[in-house]
Amino acid sequence: MPSLSRRDSAAESGWVDDGEAERGRDGGGLECALEMELTDRSLSRKMDCMNCDDLLHRNCAESAEVSVPLSTMGKRVTHMEGDDLCRLIDRKFLIEDKKRLCALALGTALLGILLMIVHAEICPYVNEPGSKVSLVINCSISLSTGCLLILIIAFHYKDIRLFIIDHKEVDWRIAITGHRVLVITLELLVCIIHPVGSYWEVGLYTNSSSAAPLCVSSHHDKTLVDMELLLSMLMFLRLYLVHRAILLHSKVLLSASYRSIGSLNNINFTFRFVLKVLMNKHPARVLLVFILLFWLTASWMLTLCERRTEALTTGQMDTALWLIAITFLTVGYGDVAPKTSCGKGVCLFTGVMGVACTAMLVAIVTEKLALNKGEKHVHFFMMDIQISKRIRHAAANVLRECWLLHRANLPKGSRNEHRRHLRCLLEAIRVFRHLRLKQRKLRDYVSEMVDLPKMQMIMCDLSANWNNSYRELEQRILFMEQKLDHLTRCFQQTSELLSEVLRHRNPEIR
């Protein structure tokens, strides 16, 4: 490999160590800064980035083999910073791949659930046993399940690679912990669930009183119905991918500022944190979307559970929507009730979720109706002004009643008038004391509203004023010291001049 000159090496690598102090600097700050910069950029020029990546890898390899001194002070080209940049670029592409795989996995899961719903809805209306339509739909469900499993495995493979890059090229076996293996196994078990009963010989189970019959096997009618029902209900467990998609596509996770400030405050960017942020920013929108999706999903699940019974009402979608709504709101009129154990379980879960959502709704409405700090200050200020006016009027009434009582005490006044004015005086005093107590309570409550940031700002202002006063005092003291030194020198010069004058006039004095 040809040797590199000093300028070529500096131009190709671009990272030069400026001294012994920078040589001992940790690379963590550079990693954080470069990660913040790289994350904010888009992937619109991905090919250029890939070419840049290849160039960086080539430069990294070259700088790993050659290290040329740049000056007599011992400056060298360091390849560690180039390796860090290469790792950050790889990390960025891995995060983008994880986002893409998560979105594809969620879309595949939703496609499988949609095909399952279509299969359950159109299967009773297929006239021929073992219809090709039902078989094709079920095969499509199985195919989507296989694709979903592949996407889940690829997602965790990217996650393991990201773990290796974050921990500076450690062995991949270190990333395979027991918790990770358990999570991957549970995800694969959840995603592999799908109805398979239609692969056998299928017939129509008709019932004169059933509004929507189910497809069941002619040999295992009861067993296959239960298995089809259970597998169809468990397919909704695939919706756990929604929280992962929200986390990976959230602006909180993609923002470099959020990550930097969060890392300084030891904040873990999990789905719980992202959900809290969304509930604080858009509480009504998030809760409304969740309630609508839960209402439709639970209604269809209840319809699927109640179709196997002879009840004409609970097996229909409109009745299920009504039953789920009154159960969710914990009203329970009693006009409609589930018949099967599966339907009762769905209603029970709906009631629990309804209580939780009602609590969140009450909290959101309370927060929206509450006054903010500025509104509270304005409201309490106006209340204080009104109470002060009423106190002045009450004090004037007390003085007036005292004067009237004094007039009634004169010899010409009657005793009835005296008693009437005395009662009015006592009532005026009571009103005056009540208003004073009310004003005192109001001012105590306003004084308690002073929050910690305001107190901190006040203390910071006081500290700044004290520092300014201290500097001014130091300057004055220094100025006084200079004046004293000047006066001392003047006195010395004056004494010397006087002694010289005296010696010239009286030569005998020495």
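**View 1. Salt bridge between Arg400 and Glu401.** Arg400 pairs with Glu401 in a salt bridge whose closest N and O atoms are 3.3 Å apart. A salt bridge here is a side-chain nitrogen of Lys or Arg within 4 Å of a carboxyl oxygen of Asp or Glu. Arg400 is partly exposed at 48% relative accessibility, whereas Glu401 is buried at 7%. Buried means under 20% relative accessible area, exposed means over 50%, and partly exposed lies in between (1.4 Å probe, protein chains only). The model is a predicted one: local features need pLDDT of at least 70, side-chain atom pairs count only at pLDDT 80 or more, and totals for chains, interfaces and linings use all residues. Residues are numbered from 1 along each chain as its sequence is written, and side-chain values use heavy atoms, with hydrogens and water left out.

**View 2. Salt bridge between Arg430 and Glu427.** The closest N and O atoms of Arg430 and Glu427 are 2.6 Å apart, and the two residues form a salt bridge. They are 3 residues apart in helix 18, so about one helical turn separates them. Helices are DSSP runs (H or I, at least four residues), as strands are (E, at least two), and they are numbered from the N terminus. Arg430 is partly exposed at 47% relative accessibility, and Glu427 is partly exposed at 40%.

**View 3. Salt bridge between Lys158 and Asp97.** The whole structure has 10 salt bridges. In one of them, the side chains of Lys158 and Asp97 meet at 3.5 Å, N to O. Lys158 belongs to helix 6 (residues 132–166) and Asp97 to helix 5 (residues 80–122), so the pair ties together parts that are 61 residues apart in sequence. Lys158 is buried, with a relative accessible area of 17%.

**View 4. Phe380 in helix 17.** Helix 17 (residues 373–408) contains Phe380. With 14% relative accessibility, Phe380 is buried. Its C-alpha atom is separated by 8.5 Å from that of Arg443, 63 residues apart along the chain.

View 5. An unreviewed UniProt entry gives the annotation "transmembrane region" to several spans, including residues 101–120 and 346–366. UniProt positions follow the numbering used here, feature names are shortened, and annotations may be inferred rather than shown by experiment. Residues 101–120 are 100% helix and 0% strand, with end C-alpha atoms 29 Å apart. Residues 346–366 are 100% helix and 0% strand, with end C-alpha atoms 30 Å apart.
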